Amino acid sequence: MAATRAAIGLWHRLLALLGSLLGVLAPGVSRAVDLPGDKAEALLHSYIGGGVNAYGPAVLVRKSIMDKVSLSGTYYMDAVSNASIDVVTTASKYNETRHEFGLSADYVYRDAQITLGAMTSHEPDYVANTGNIDVTQEVFGGMTTVAFGFTKASDKVGKKNSPEFSDHAHHWQYRFGLTQILTSRWLASLNFDALSDDGYLGSPYRSARVFGAFVPERNPRTRSSRAGKVKLVGDLGNFGSINFGYRYYTDTWDIKAHTAEAGWSRYFGEAWLADIFARYYTQTHANFYSDNAMTETVYVSRNRQLSTFNDIGLGGRLSYNVRRVPGRYDVKLIGTYEYTRYKFKDFTDVRTGELYGYGANLFQVYLSATY
Amino acid sequence: MTILRALACAALLGATLLAGCSVPKLEPWVKPYERERLADPIMKLSRDSLPDKHFEHVRDVREGARGATGVQGGGCGCN
Amino acid sequence: MKTLSIVRSASALRIVASVVFAVVAGTASSAIAPSTPAPDFSLHAMSGPNMRLQDQRGRVVMVNFWATWCAPCRQEMPQLNRLYQKYRSSGFVLLGVNVDDDPSKAAEVATKLGVTFPVLLDADKRVSKLYDLNTMPSTVLIDRDGKVRYVHRGYLAGYEDNYEKQIRELLK
């Protein structure tokens, strides 16, 4: 069958790509890149904003086996209490828990690192399965790092209390990244992503508004996106380090977005590290988005995630080194807080008719041990 | 896939142009023993994976844009 | 069609990959090659007085370049220390050349790791440049006549067995 032939052709090409990256496979050759270090991490995360309260724990454990492979396992939980504006105006508040499990293996060969990962995410009405492969290669005396990655995700979409509703969504993501050491104090990185989505890309609970009446939303069944990001990190000696980033995003739904980030990190004494960061995000609406459509169109959505809006975030992080024995183990306790203000330009609060906006608080408490 | 094609074409063109002439060999200008500042965790592009995962999830759910979040590089460059 | 575009992207990625590597594949080659005389140098030792490589003529010398910020270097130190203790009475000397910007950090870590061999301080990277290091850590084995015999780049668990074999060979 054409599909099988294409799949086999694809597999051969991927192998050839790996081959050209790794050169001739010879046993027992010296390594130029180290395996990621062993570690155990625990995170407590919380997000409160716009009527949504999401919190939960997450853990990560990483261990290297016989100095050849590094395995890592993660568990992430999201307990969501949703009374967001969509929910309260068109339905009623609900609670839901999402569980996510991930496993990945890292293998180092000479200057290259290969990562294979799989992840599964479960919600009562949404199941997502993901597989990814990433290859990172150091070139040019270790001054340049080139990375290629691919992720494929398969989702099964369901609807609470409606067993007759069942649909699928598929996602492909191709990643290319380049990190370049500019000087002994400055680093630059470039990332390009191409994303492809296919299938049911909306929400069975969300409504669009056409001529003032609420109707179920109709989203296109395909979406193709591109994103490019550039980031700069610099060392300021005693004043710590600064970083700047900019990302441009565009897709076939006509959404264009700009993201600008800046951050500053500095050590205070032997045990403390402080960061402050700011982020600005702005996007234009999808071509089928409307707060209140005045024409009949094939696709229509009132999903505020696809509207014209901007958000500004400001946050800080404080890290305390609890125990440190260089080369043996390192335990850190980190607290993070970020406040983000969302301002919508063409999404209104149906209760008031005013343009919608809200502030969100994000908290993280994180314990990290490397050994 | 036009961006990838354009990138591939540009790279191929660059390679063919360079193949013909003798380009002075470009040496790495930051030596491994000069990477002390770059090896510091404060210079990492992404410090902690779990917290970054949380940030990315929060933004993915609320913003239309996705992707291009990062790749690791730099560091001590040892071994 | 989805599979066709995947195949196209994979081949595009592959072209980009091979071209990137073809263009930037060149890396610096070390000026230190086996059977060449080891460049002489004189550095301040952590414990005080200067030490000169020439003065070690007649002994087998291992010069190890390390830094506190280099994880494989720190892993290697206890192994090097063991080799130093074992063979120093047979005419073996180990010089640990540290390349930290701040020498006090070197002293702190060396003491913590229980290093007994001389630690020389190369904060201005003069000797590192002279030996044209292209990896951290780097270990150079010099024979009794002052000639470079073996150069090791990087460190992985098990390298010390190789070092021991070579030291014994040169001590004969």
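Modeller: Start with C:K105, which counts as partly exposed because it has 16 C-beta neighbours inside 10 Å. A residue is buried if 20 or more other C-beta atoms lie within 10 Å of its own, exposed if 12 or fewer, and partly exposed in between, with C-beta atoms placed from the backbone. This is a predicted model, in which local features need pLDDT of at least 70 and side-chain atom pairs count only at pLDDT 80 or more, while totals for chains, interfaces and linings use all residues. Residues are numbered from 1 along each chain as its sequence is written, and chains are lettered from A and ligands numbered from 1 in the order in which they are written.

Colleague: Where is C:K105 placed, and what is C:K105 in contact with, leaving aside its neighbours within four places in sequence?

Modeller: C:K105 is in helix 3 of chain C, residues 103–112. Helices (H or I, at least four residues) and strands (E, at least two) are DSSP runs, numbered from the N terminus. Beyond four places in sequence, C:K105 is in contact with C:T68 and C:D100; a contact requires C-beta atoms, placed from the backbone, that lie within 7 Å.

Colleague: What makes the buried residues of helix 3 of chain C line one face of the helix?

Modeller: The buried residues there are C:A106, C:V109 and C:A110. Seen down the axis of helix 3 of chain C, its buried residues fall within an arc of 100°, so they line one face; the arc is that of the directions from the helix axis to the C-beta atoms. They pack against helix 2 (71–87), strand 4 (92–98) and strand 5 (119–121) of chain C. C:S104 and C:T111, on the other side of helix 3 of chain C, are exposed. After helix 3 of chain C comes C:G114, with a positive phi near 70°.

Colleague: Why is A:Y366 called buried?

Modeller: A:Y366 has 21 C-beta neighbours inside 10 Å, and therefore counts as buried. A:Y366 lies in strand 18 (residues 355–370) of chain A. Its contacts beyond four places in sequence are A:E41, A:L43 and A:I334, along with B:D48, B:L50 and B:P51 of chain B.

Colleague: Which residues of helix 3 of chain B are buried, and how do you know that they line one face of the helix?

Modeller: The buried ones are B:L50, B:P51, B:H54 and B:V58. Down the axis of helix 3 of chain B they fall within an arc of 105°, so one face is lined by them. Their cover includes strand 1 (39–49), strand 2 (52–65), strand 17 and strand 18 of chain A. Helix 3 of chain B has 14 residues and spans 20 Å from first C-alpha to last, close to the 20 Å expected at 1.5 Å a residue; the expected span is 1.5 Å times one less than the number of residues.

Colleague: How many residues take part in the contact between chain B and chain A?

Modeller: Chain B gives 34 residues and chain A gives 58 residues. Helix 3 of chain B supplies the largest share of the side of chain B that touches chain A, seven residues. By class, that side has 17 nonpolar, nine polar and eight charged residues. Here Ala, Val, Leu, Ile, Met, Phe, Trp, Tyr, Cys and Pro count as nonpolar, Asp, Glu, Lys and Arg as charged, and the others, Gly among them, as polar.

Colleague: What makes strand 15 and strand 16 of chain A a pair?

Modeller: Two strands pair if DSSP finds at least two bridges between them. Strand 15 (residues 272–283) and strand 16 (residues 309–325) of chain A have 12 bridges, in the antiparallel sense. A:D275 stands opposite A:R317 in strand 16 of chain A, and A:R317 stands opposite A:T336 in strand 17 of chain A.

Conventions:
Contact = placed C-beta atoms within 7 Å.
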